[in-house]
Structure formats: structure tokens, C-alpha cells
Amino acid sequence: MKFEIPEQKKLVHEMTVPIRWGDMDAMNHVNNTLYFRYLEIARIEWMHSIGAAPDPQGEGPVILNAFCNFYRQLEYPGDVRVKMYVSDPGRTTFESWCTLERTDQPGVIYAAGGATTVWVDFPAQKARPLPDWVREIVS
């Protein structure tokens, strides 16, 4: 199964993540699970930057699903440039997308992934409509 990142999306965040020696596996490239970690690091940093960090006593974002398409092998040493995009706000959800490229090879996509995020009332354990301020950011 392969998911494609849509052409219509909004760039909301960029960051650099260092590739660590321990990120490599026995094949001498970054283990596939770490690509998901890089996507997560960018998503969480962005959520904190907009004031949307999950609040266990209140509301916040929860990931419903996640995917990653692998195009090229990342290898140590180096730095990964993660670009995060958003699109398609629904009543309670929005889509997020990321591309991964090496900083020494700008524009060469090594992987691309995404996630569907739902806004949740944590104590009630129920989806809630996206707050207007979040909707404005992801629209």
C-alpha cells in the first residue's frame, strides 16, 4: 500500500534532526522505525509551537493512523530536514504530511509520510470539533 502526499497542502513547520550512529541497523542504514520517529519529532515540536500540546486533563490532538513511504536509504553521518505540511481539515480531524531530505542534498526526498490527527476530549475519551484557532492554522 502506498499513500501519496497531496499537491494542495500548507507548509507549517521545518526542522533539522541529526542522524545518530545508533539510528542505523545491521544493514548500515537508518532503521525504518526511526523514520517514524523523525516524523513524530517534527509533529510534536510543531504542536507545541502552536500551543496544541495534548493536555491529559483537557483536550488535544491524537494520531489515528500514520504511514511512511521509503524512497532512499538515510545513512550516518548527516542531518535530516523534515518539512511538515497540513491539509484537509474535517469536523474533528486534519491531515499532516512530512518529507524527509538530507540537509546536504536539498530537494532530494528520502521518505514521505503522514498522519490523520483527531481532536479529543481526553477525560471523556471522545472526539471534539477542531477548535477554531486550530482550524485556521490547518486550513
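**Core and aromatic pairs**

Guide: In this predicted model, Phe67 counts as buried because its relative accessibility is 11%, under the 20% limit.

Visitor: Which aromatic residue pairs with Phe67, and in what geometry?

Guide: The partner is Trp97, in an edge-to-face arrangement with 6.0 Å from centre to centre and 70 degrees between the planes. Phe67 belongs to strand β2 and Trp97 to strand β4, so the pair ties together parts that are 30 residues apart in sequence.

Visitor: Is Trp97 buried or exposed?

Guide: Trp97 counts as buried, at 8% relative accessibility.

Visitor: How many aromatic pairs are found in the whole structure?

Guide: A search finds five. One of them joins Trp21 and Tyr76.

Visitor: Why is the pair of Trp21 and Tyr76 edge-to-face?

Guide: The planes of the two rings stand at 85 degrees, with the centres 5.4 Å apart, so the pair is classed as edge-to-face. Trp21 is in the loop between β1 and α1, whereas Tyr76 is in the loop between β2 and β3, 55 residues apart. Trp21 is exposed, with a relative accessible area of 60%, and Tyr76 is partly exposed at 37%.

Visitor: Turning to the core, which residues have the most contacts inside the largest one?

Guide: They are Tyr38, Leu74, Val82 and Leu100, in a nonpolar core of 27 residues. Helix α1 supplies the largest share, seven residues.

Visitor: What does Tyr38 touch beyond its neighbours in sequence?

Guide: Leaving aside residues within four places, Tyr38 is in contact with Val17, Ile19, Asp23, Val30, Leu74, Val80, Val82 and Leu100.

Visitor: Which charged residue lies over the face of Tyr85?

Guide: Lys9 does, at 5.0 Å from the ring centre. Arg72 lies over the face of Tyr110, at 5.6 Å from the ring centre.

Technical notes. Residues numbered from 1 in each chain as written. Predicted model: local features only at pLDDT ≥ 70, side-chain atom pairs only at ≥ 80, totals over all residues. Heavy atoms only, no water. Core = buried A, V, L, I, M, F, W, Y, C linked by side-chain atoms within 4.5 Å. Buried < 20%, exposed > 50% of the residue type's maximum accessible area, 1.4 Å probe, protein only. Helix = DSSP H or I, 4+ residues; strand = E, 2+ residues; numbered from the N terminus. Contact = heavy atoms within 4.5 Å. Phe/Tyr/Trp six-rings, centres within 6.5 Å; stacked < 30°, edge-to-face > 60°. Lys NZ or Arg CZ within 6 Å of the ring centre and 35° of its normal.
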